[in-house]
Amino acid sequence: MSNTSRVDKELFQEHHYLGKPADETDRIISRRIRILYEQKEFFNKQIDCIEIGCGSGATINQVSKEFRNCLGIDIYDYSKEFSDQKLRQGANNTEFRQLNLEEETLTQKFHRIICFEVIEHFQDENTVAKF
């Protein structure tokens, strides 16, 4: 028996599990942010950051004040949710793009990458090395 039998079928698109983007009030977001702050010299207001698999932007929009510019990308279109989060957090330096990293690339390079619970969804985990 597959573990997926317990999961809401609407959280799947084809054979890919979408999950549910975390809300800024979810405990997982505060834990992620705490982990980032524990990393010495991770934050720097002179550099750019990308979050791969940002969902609604709950993480990137909360830490954006610690960077020059931030980009949140996701394979699915969470632009409305991201925009709502951005507004609530006052994150004026963030942007969302819908992008499939395994088929498309960005020309911009980033100094920091945030990627929580995403790499296991890639066919090739080296996909994140492009940045």
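Q: In which sense do E4 and E5 pair, and over how many bridges?

A: Two strands pair if DSSP finds at least two bridges between them; strands (E, at least two residues) and helices (H or I, at least four) are DSSP runs, numbered from the N terminus. Here E4 and E5 pair in the parallel sense over five bridges, and Ile-73 stands opposite Arg-97 in E5. This is a predicted model, in which local features need pLDDT of at least 70, side-chain atom pairs count only at pLDDT 80 or more, and totals for chains, interfaces and linings use all residues. Residues are numbered from 1 along each chain as its sequence is written, and side-chain values use heavy atoms, with hydrogens and water left out.

Q: Is strand E4 mostly covered or mostly uncovered?

A: Buried means under 20% relative accessible area, exposed over 50%, and partly exposed in between (1.4 Å probe, protein chains only). Six of the eight residues of E4 (residues 67-74) are buried. Strand E3 (residues 44-52) runs parallel to E4 and is joined to E4 by six bridges; Cys-70 in E4 is the bridge partner of Cys-49.

Q: Which residue forms a salt bridge with Lys-80?

A: Side chains of opposite charge can pair when their charged atoms come close. A salt bridge is a side-chain nitrogen of Lys or Arg within 4 Å of a carboxyl oxygen of Asp or Glu. The partner of Lys-80 is Asp-84, with the closest N and O atoms 2.9 Å apart. Both residues lie in helix H3 (residues 79-89), four residues apart, about one turn of the helix. Lys-80 counts as exposed because its relative accessibility is 56%, whereas Asp-84, at 28%, counts as partly exposed.
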